[in-house]
Amino acid sequence: ASLAQRVAPPTVSFQSLSECPFFLRKIAMAAANTDAHRVSLLGATFEPALGQVARKSLRSDGAEGLPLASSLRQLAKTTTYSTFTNLVTTMIGAGIVGFPKTFSDGGWVLSPILLLTCAWVVMEIGSVIDACLRMCEDRASKGNRYSFGLKPEKYEDMLEVPFGRPGKITACACCNAFLLLVGGAFMILIAKSLEYITCDQVPYRKAVLGMSFFFAPLTLVNDLTIINRLSVVGVLASMLYVVAIASAGLTTSEAKGVKGDIRYFPESPGAIGKIISVMLLGFTYQMVSPTLRSEMEEPAQFPKALNFAIALVAIVYLLAGVVGFYGWGVDVKGNVLESMISDEGKPLFCGFLLSGAVIANLCVTFPIIMKVANVAFERTFIGDGAYSVPLRLSSFSISFVVGFFCPYFLEFLGIAGALLGVTVGVLMPLASYWMLKLSGSGDMKEEPTYFEGVKHFIIFIVAAITLINGTCTGVEDLISAVESNGSYWEFFWLPSSTKPITVTVRP
């Protein structure tokens, strides 16, 4: 962009790339080739959401305001279909392995109702985020100066406009702390899958140690181009998750005659908060939505792409939860992979399929998550262009400690979802929206409607209940899971399926 500015007058404008002089076309095409890596299977302009966030995180603040920068970036714009695909693959992740147990906890009646409620909540939050980004763009276009220039491209940019730099730092810290906890949950799943696929020959904690030798060096690498190009693995894995869970659930129900215990509602009202937190976590897209929207050809179509994506994801989760609950009943495990065992104690074929998909997908996703979090921490707390080995290793150690000492996937996921998932996914967008609405002056002041207030109040109540109740219930469930395995340290290096021997003494 700087070279183009020097060789062409700033007043010259071109309506399309074909009208540019030859040398400007070469510059623009080079920028596009180095700026994005596409997977044609998912649309000509598909790029994984986390890859987009990582790419934008490496740019200097305010780059959007440079002459010709936005024109060159037009080459990297994505279609509505590609955005829809990206949102679906972002939401449908390995967390789907916890949905059968979540449905078991909620019961046949309440679980589908709660799932639809969560889908409605995240649709409304999508509209809130879209409105926030439009208001931020409007204020930037009227002369207000922000670190992102004219267009917010990252989640924390959305909080900078109403709350200033403290809001941006808080949002960055919460978002990326959440990513590190999700990274810990990923390590749990990968280690459990390795343990399963090796028939307990590689115990859980040895698997975590082995993974650390693979992931720790990748944490220090900035250029993850090759891994970014493997994003199609996530799409295929998402399909395999559903196929494996549905097939295993139906096969189990036919073989054992299990039709699911007659549990219509949770055993206790306290479980509702944890159930909602896991379901909301399954619809997580909020952190990447500003980035996806900023790269669309038609940003106004973002709500449409999002609503269709949420509807599809809700159907997928409903299928996985219902079939899993139908197949294993109330005995289904927090990680459904642990339920895919034959009567002889051997792994099922569907279990091998599911564990292989989990390993392949998360080995691609984990390094990208770490890169996004590390770059954001470095830029926010050290400075633009900063690179800190101690900070990156410290970030990785958080995920490692979670995976190494806490092999309880669903219990940990419930706590992370209730604490930071709800804060980042619901409360912060609502706070930004209302602050922007009420703090404007003159032409920029927008009066909220009564209907908006009622909807957002209901969403706030759901989020508050999930935050408080879900966290408390998640901690209780985690303590219960640790105690149910007997001596924690006695079985520390053994396979996670090892249980203490109980002896019954009869008088």
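Biologist: What should the 12 residues of helix α5 span at 1.5 Å a residue, and how far apart are its end C-alpha atoms?
Modeller: Helix α5 (residues 80-91) should span 16 Å, and its end C-alpha atoms are 17 Å apart, which agrees. The expected span is 1.5 Å times one less than the number of residues in the helix. By the way, this is a predicted model, where local features need pLDDT of at least 70, side-chain atom pairs count only at pLDDT 80 or more, and totals for chains, interfaces and linings use all residues. Residues are numbered from 1 along each chain as its sequence is written, and side-chain values use heavy atoms, with hydrogens and water left out.

Biologist: Which residues of α5 are buried?
Modeller: Ser 82, Thr 83, Thr 85, Asn 86, Leu 87, Val 88 and Met 91. Buried means under 20% relative accessible area, exposed means over 50%, and partly exposed is in between (1.4 Å probe, protein chains only).

Biologist: Zooming out, how many helices and strands does the protein chain have?
Modeller: The secondary structure comes to 17 helices and zero strands. Both kinds are DSSP runs numbered from the N terminus: helices are H or I with at least four residues, strands are E with at least two.

Biologist: And what share of the chain is buried?
Modeller: Buried residues make up 54% of the 507 residues.

Biologist: What about contacts between residues 24 or more positions apart?
Modeller: They account for 81% of the chain's contacts with a separation of 6 or more. Contact here means heavy atoms within 4.5 Å.

Biologist: Is Ser 289 buried or exposed, and what does it touch?
Modeller: Ser 289 counts as buried because its relative accessibility is 0%. Not counting residues up to four places away in sequence, Ser 289 touches Ile 129 and Phe 302.

Biologist: OK, helix packing. How do α6 and α17 pack?
Modeller: Two packed helices are described by the angle between their axes and the distance between the axes. For α6 (residues 99-141) and α17 (residues 450-484), the angle is about 125° and the axes are 11 Å apart. That makes α6 oblique to α17. The axes are lines fitted to C-alpha atoms, for helices over the stretch in contact, and the angles run from 0 to 180 degrees between N-to-C directions. Under 35 degrees counts as roughly parallel, over 145 as roughly antiparallel, 65 to 115 as roughly perpendicular, and the rest as oblique.

Biologist: Which residues meet there?
Modeller: From α6, Trp 120, Val 121, Glu 124, Ile 125 and Val 128 meet Lys 455, His 456, Ile 458 and Ile 459 of α17. By class, that contact has six nonpolar, one polar and two charged residues. Ala, Val, Leu, Ile, Met, Phe, Trp, Tyr, Cys and Pro count as nonpolar, Asp, Glu, Lys and Arg as charged, and the others, Gly among them, as polar.

Biologist: Is His 456 buried or exposed?
Modeller: His 456 counts as buried, at 6% relative accessibility. Leaving aside neighbours within four places in sequence, His 456 is in contact with Val 128, Leu 430, Tyr 433 and Trp 434.

Biologist: And how do α7 and α14 pack?
Modeller: α7 and α14 (residues 349-381) pack at about 155°, with their axes 8 Å apart. That makes α7 roughly antiparallel to α14. Their contact has 27 nonpolar, eight polar and one charged residues.

Biologist: Last topic: where is Cys 199, and what is its phi?
Modeller: Cys 199 is in the loop between α7 (155-197) and α8 (204-219). Its phi is near 55°, a positive value in a residue other than glycine. Cys 199 is partly exposed, with a relative accessible area of 41%.

Biologist: What about Asp 200?
Modeller: Asp 200 has a positive phi of about 70°, although it is not a glycine. Asp 200 lies in the loop between α7 and α8, and counts as partly exposed at 32% relative accessibility.
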